Amino acid sequence: MALSTAGSNGHAVGVEVDGVRYPSARQAAEALGLPTSTVQRRTHNPNFPNYRWLGATPGKRAVHDPGNCLLAKALIEPTPWPLDGGARRANVLDPNFDPPRVIRRVGWVRCMRCQRFHFSGDVARARMCLDCGGAGGMPTGPRPDADA
Ligand SMILES: [Zn+2]
């Protein structure tokens with residue numbers, strides 16, 4: 001959840017309702033099922049002595065935390081491994097889904113044109129090597145017809 005702040009001073013404003021302290025009027029409102037404006041009004045209204053405005057309190061500093069910030073998380077891309085003749089396939093995961101979603105698979109594949117192995121970032125769609133003008137990786141070894 002995003003850190004709640006009041007105004008532009010970056011400090012959360014504490015609110016106490018029925019002896020329970022909340023870090024902000026908004027969070028108190030959420031807990032009580034009331035509009036935030038109602039909670040704010042009541043804290044300043046003598047008819048609601050059980051609502052107390054605790055004033056600006058130093059809130060938690062909004063520290064950038066890659067684990068819970070709202071930016072999209074980077075894809076989990078496997079590090080390419082040495083040529084294995086196409087034995088292994090590894091998943092590229094999108095951690096923005098829970099559970100993380102497999103969006104493509106990487107591994108060594110033979111180029112559909114020159115038949116050389118190349119490390120493809122998508123074994124289903126990038127089947128032609130870079131040298132042949134495909135979207136795959138750099139092929140291993142010289143062109144089969146290079147010395148001909
Ligand atoms: Zn090729």
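Analyst: Start with the sheet. It is open, has 3 strands in the order β4-β5-β6, and pairs antiparallel. Its edge strands are β4 and β6, and each of these pairs on one side only. Neighbouring strands are turned by 20 degrees against each other on average, direction ignored. This is a predicted model: local features need pLDDT of at least 70, side-chain atom pairs count only at pLDDT 80 or more, and totals for chains, interfaces and linings use all residues. Residues are numbered from 1 along each chain as its sequence is written.

User: How do you know that β4 and β5 pair?

Analyst: Two strands pair if DSSP finds at least two bridges between them. Strand β4 (residues 89-94) and strand β5 (residues 101-110) are joined by 6 bridges and run antiparallel. Therefore they pair under that rule. N91 has R105 of β5 as its bridge partner. L93 stands opposite V102 in β5. The two strands form a hairpin with 6 residues between them.

User: What makes β5 and β6 a pair?

Analyst: β5 and strand β6 (residues 117-120) share 4 bridges in the antiparallel sense, and the rule asks for at least two. In β6, W108 has F119 as its bridge partner, and V109 has H118. This hairpin has 6 residues between the strands, and Q115 takes a positive phi near 70 degrees there.

User: Why are both faces of β6 called covered?

Analyst: F117 and F119 on one side are buried, and so are H118 and S120 on the other. A residue is buried if 20 or more other C-beta atoms lie within 10 Å of its own, exposed if 12 or fewer, and partly exposed in between; C-beta atoms are placed from the backbone. Of the 148 residues of the protein, 21% count as buried.

User: What makes the buried residues of α2 line one face?

Analyst: In helix α2 (residues 36-43), the buried residues are V39, Q40, R42 and T43. Down the axis of α2, they fall within an arc of 165 degrees, so they line one face of the helix. The arc is taken from the directions from the helix axis to the C-beta atoms.

User: Why is α1 called roughly perpendicular to α2?

Analyst: The axes of helix α1 (residues 25-32) and α2 come within 8 Å and cross at roughly 110 degrees. Angles of 65 to 115 degrees count as roughly perpendicular, under 35 as roughly parallel, over 145 as roughly antiparallel, and the rest as oblique. Therefore α1 is roughly perpendicular to α2. The contact is made by A25, R26, A28, A29 and L32 of α1 and T36, T38, V39, Q40 and T43 of α2. Contact means C-beta atoms, placed from the backbone, within 7 Å.

User: How many helices and strands are there in the protein?

Analyst: There are 2 helices and 6 strands. They are DSSP runs: helices are H or I with at least four residues, strands are E with at least two, numbered from the N terminus. Along the sequence the pattern reads β-β-α-α-β-β-β-β.

How values were computed. Axes fitted to C-alpha atoms, helices over the stretch in contact; angles between N-to-C directions. Contact = placed C-beta atoms within 7 Å.
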